Amino acid sequence: MRFEGTDSFVATEDLKVAVNAAVALERPLLIKGEPGTGKTVLAQEIAKALHKPLISWHVKSTTKAQQGLYEYDAVSRLRDSQLGDARVHDIANYIIRGKLWDAFAAEAAPVLLIDEIDKADIEFPNDLLLELDRMEFFVYETRQTVRAKQRPIIVITSNNEKELPDAFLRRCFFHYIKFPDRETMQRIVDVHYPGISRLLLNEALTSFFELRELPGLKKRPSTSEFLDWLKLLLAEEIGPELLRERNAAKLIPPLHGALLKNEQDVHLFERIAFMARRG
Amino acid sequence: MFLAFFLALRAAGVKASLREFLTLQEAMRQGLAGFDAEHFYYLARATLVKDERFLDKFDAVFAEHFKGVLQPRPEAPDEVAPQELPREWLEKLAERLLSDEEKAQIEALGGFEKLMETLRQRLAEQQGRHQGGNKWIGTAGTSPFGAHGYNPEGVRIGQQGSRHKSAVKVWDKREFRNLAGDAELGTRNMKIALRRLRRFAREGAAEELDLAGTIRSTARNAGYLDLQMVPERHNAVKLLLLLDIGGSMDEHVHLCEQLFTAASSEFKHLKHLYFHNCPYEMLWKDARMHAADAIPTLDVLHTYDHTWKLVFVGDAAMSPYELISPGGAISSWSQESGKTWLTRILHTYPKAAWINPVPENLWQHTQTTRLIAELMERRMYGLTLEGLDQAMRRLMQ
């Protein structure tokens, strides 16, 4: 059972090693990287490649670690008690399972994605230390210990908005998805748009990497933005010759709105184009 | 197995723990790396490094430690594009663009002459790629892009490697150099660093439902609802920001603006004032420093009490008499020396830090920077993500 990438996802060699190590040693895999480099997609692709179900837990700033385990719905129990519902006598009826419980209870080990863990409070990863380490937790209300039948494959993504605690990091494998180079990008495009004209792709790649190298950009366009842009180019039937037409007046690539998401960046680009035109 | 490598990593400042080392051993025993050096590198990296800022250090240590296993790095190609650029100008550019490490690398490649050639070549290439690059490069000195316009990447000598991909080992490519912690930071990163400076407190009108309190008092109330309210949680930290403006600070304006933007959105209680070179008996509410905007420093000290935390932002570079002798201020006559005023201000605010946009390794070359760092009891930090982080931690102590 080795992860080798899928027909819709290009995995680099280092990524494969990291994923396989995490799977073999049953440790969580922490993924970081520039936005739009496919951190979240990775978990889906691992699930697909290893034929396992995927359970995603999307973390928000208000998410508590406890919600991943279980929640006790006191309000509906209160309502039921006032309505005289018989269910009220069993507290287990009001325990709502979290994603972690789902993953632990699954018959076949699933892939559990904990997405954007850095969005939550600073203490969030610490609160999950024991649960992820031992793969078990205790339900206080029903005096029951939930143990993982099979250790799930855990993929955690982070956008680096908060630093994660050392104790947590020590338990993980870590992989930083670096921005793909030209060849990798070409393979990625091939996977998404098979049969795209070589000429167009070449011109688009050149324009794209030139744009990314522009000093002073606030937000550099990412892989997913490049793919969107290609889709637009294809939809608008823009030919490679239009992209290649890099005389001064046409320095800004067509449909640049898909790539530059910040008016300061567009402005910067225009200014450089203007200077180039004078030169 | 690889104990020396592990120790070398730790010596280089990569915080790998014993547990992680054991994990690596376990992974090796399970044969996850196979017999492939590259796979071993990837595996060791995924196990021992947990922060992309350390990836570059890891690569360096790895390259150093397993040097015997590798073939030497190939020499850079020799052909030089015939592109005439004034040498003086190039040297200046190199000084600004290349890190110490890169300079060392250049030494290894054949010294400064060689560097000039490579740079020249690189610039010529750049011109080829960016249409009208001539103009672009020419204006770089004075244009807004001047100070930070050139991405070191553009002129990075290390890039040589990617063109000889087949010959160079992955770890020699040092692709993660840009992720090192002292790299330039954006507003968003700064906000995150500033967020360390948080102390939540509930103050003001009770507007939020206190769920725990409501349940408690409802239970005490024999099940009849008894609502409890609490004030909203706020960041109660109060920050007094004193910014150096003008003169030698001009080249850092962009960075300081970013810091200011980040700070003003993070703190509810933020007061910012300006000074020139060193604070004396007057501070200014506005960066233009009109007389109308001036307020006496003593008023400031009396208005904002010791519960405010003080952050100076400045390069602390001035002529020594501006700091030491009375009347040394260049903008106006001051009765007392800058040092006296600084001491007085620091006396009022025990929680203080000085953030210096000048790179830390240059501080010791400026006399006043050393003096002020001493006055600050070494609470001077660089305007980098790491420096900000340390400063904020220090302020919270």
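## Nonpolar cores

In this predicted model, the largest nonpolar core comprises 70 residues, and A:Ala18, A:Leu29, A:Ile46 and A:Val155 have the most contacts inside it. Residues up to four places away in sequence being set aside, A:Val155 touches A:Leu29, A:Ile31, A:Leu42, A:Ala43, A:Ile46, A:Val111 and A:Leu113. Another core lies apart from the largest one and has 45 residues, including B:Tyr274, B:Met282, B:Val358 and B:Ile372.

As a general background, nonpolar side chains in soluble globular proteins tend to be buried together.

## Composition of chain B

Chain B contains 397 residues, of which 29% are buried. Its secondary structure amounts to 18 helices and nine strands. When contacts in chain B between residues at least 6 apart in sequence are considered, 70% of them join residues at least 24 apart.

B:Val311 belongs to strand β7 of chain B, which spans residues 309-313. This residue is classed as buried because 28 other C-beta atoms lie within 10 Å, the threshold for burial being 20 or more.

B:Val311 also illustrates a contact between positions separated along the chain: B:Leu241 is 70 residues away in sequence, yet the C-alpha to C-alpha distance is 5.0 Å. With neighbours within four places in sequence left aside, the contacts of B:Val311 are B:Leu239, B:Leu241, B:Ala353 and B:Ile355.

## Helix packing within chain A

Two packed helices are described by the angle between their axes and by the distance between those axes. In chain A, helix α9 (residues 182-192) packs against helix α10 (residues 198-213) at an angle of about 130°, and the axes are 11 Å apart. The two helices α9(A) and α10(A) are therefore oblique to each other, and their crossing is right-handed.

On the side of α9(A), the contact is formed by A:Arg182, A:Met185, A:Gln186 and A:Val189, while α10(A) supplies A:Leu201, A:Leu205 and A:Phe209. Classified by type, the residues in this contact of α9(A) with α10(A) are five nonpolar, one polar and one charged.

Helix α1 of chain A (residues 13-25) packs against helix α3 of chain B (residues 37-48) with an angle of about 60° and axes 9 Å apart. Accordingly, α1(A) and α3(B) are oblique to each other; the crossing of this pair is right-handed.

From α1(A), the residues A:Glu13, A:Asp14, A:Val17, A:Ala18 and A:Ala21 meet B:Glu38, B:His39, B:Tyr42, B:Leu43 and B:Ala46 of α3(B). The contact of α1(A) with α3(B) comprises six nonpolar, one polar and three charged residues. A:Ala18, listed in this contact, is also among the residues with the most contacts inside the largest nonpolar core.

## Helix packing within chain B

Helix α3(B) also packs against helix α2 of chain B (residues 18-29): the axes come within 9 Å and cross at roughly 145°. The crossing of α2(B) and α3(B) is right-handed.

Here α2(B) contributes B:Glu20, B:Thr23, B:Leu24 and B:Ala27, and α3(B) contributes B:Leu43, B:Ala44, B:Thr47 and B:Leu48. By class, the contact of α2(B) with α3(B) consists of five nonpolar, two polar and one charged residues. B:Leu43 of α3(B) takes part in the contact with α2(B) and in the contact with α1(A).

Terms used:
Residues numbered from 1 in each chain as written. Chains lettered and ligands numbered in written order. Predicted model: local features only at pLDDT ≥ 70, side-chain atom pairs only at ≥ 80, totals over all residues. Core = buried A, V, L, I, M, F, W, Y, C linked by C-beta atoms within 7 Å. Buried ≥ 20, exposed ≤ 12 C-beta atoms within 10 Å, placed from the backbone. Contact = placed C-beta atoms within 7 Å. Helix = DSSP H or I, 4+ residues; strand = E, 2+ residues; numbered from the N terminus. Axes fitted to C-alpha atoms, helices over the stretch in contact; angles between N-to-C directions. Parallel < 35°, antiparallel > 145°, perpendicular 65-115°, else oblique. Left-handed = near helix turned anticlockwise from the far one by under 90°. Nonpolar A, V, L, I, M, F, W, Y, C, P; charged D, E, K, R; others polar.
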